[in-house]
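Colleague: Please take a close look at a single part of this model, and say what packs against what. Give the cut-offs as you go.

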Amino acid sequence: MRPRIEWMTQGDERILEFLDAKDIVASPSVIAANIDYTGEYVSRRCRKLADAKLLQRVDASNYTITDLGSAFLSGDVDADSIKLDDEE
């Protein structure tokens, strides 16, 4: 079972699930087109997920899921190991 992360949204999980299932590097607009959220929303959430080390920014506009992101989806991490950069 996945840990409950206070700041995460259902959209965050959909973003992670999409990138994990497809095993691709993708831009927020590509992700948004596949999960029915706006590109602006997905872009904001990708930045937040990257801050938490669940996604990695590959270049100026593309992201991929990290090992931590995959472990989160599998329920193999606890909530304390997932923090935003400003939560130290």
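Modeller: Helix H2 passes helix H3 in a right-handed crossing (the near helix is turned clockwise from the far one by less than a right angle; helices are DSSP runs of H or I with at least four residues, strands are E runs of at least two, both numbered from the N terminus). The model is predicted, so local features need pLDDT of at least 70 and side-chain atom pairs pLDDT 80 or more, while totals for chains, interfaces and linings use all residues. Residues are numbered from 1 along each chain as its sequence is written, and side-chain values use heavy atoms, without hydrogens and water.

H2 covers residues 28-35 and H3 residues 39-51; their axes lie 8 Å apart at an angle of about 120° (lines fitted to C-alpha atoms over the stretch in contact, with angles from 0 to 180 degrees between N-to-C directions).

On the H2 side, Pro28, Ile31, Ala32 and Ile35 make the contact, and on the H3 side Gly39, Val42, Ser43 and Cys46 (heavy atoms within 4.5 Å). By class this contact has 6 nonpolar, 2 polar and no charged residues (Ala, Val, Leu, Ile, Met, Phe, Trp, Tyr, Cys and Pro are nonpolar, Asp, Glu, Lys and Arg charged, the others, Gly among them, polar).

The loop between H2 and H3 holds Tyr37. Tyr37 counts as partly exposed because its relative accessibility is 25% (buried is under 20%, exposed over 50%, partly exposed in between, with a 1.4 Å probe and protein chains only). Leaving out residues up to four places away in sequence, Tyr37 touches Ala32 and Val42, and also Gln10, Gly11 and Arg14.

Ile31 is among the residues with the most contacts inside the largest nonpolar core, which has 27 residues (buried Ala, Val, Leu, Ile, Met, Phe, Trp, Tyr and Cys joined through side-chain atoms within 4.5 Å). H3 gives the largest share of this core, 5 residues. H1, H2, H3, strand E2 (62-65) and helix H4 (67-74) each supply at least two.

Asp12, in helix H1 (residues 10-22), is buried because its relative accessibility is 0%. Outside the four places on either side in sequence, Asp12 touches Trp7, Arg45 and Leu49.
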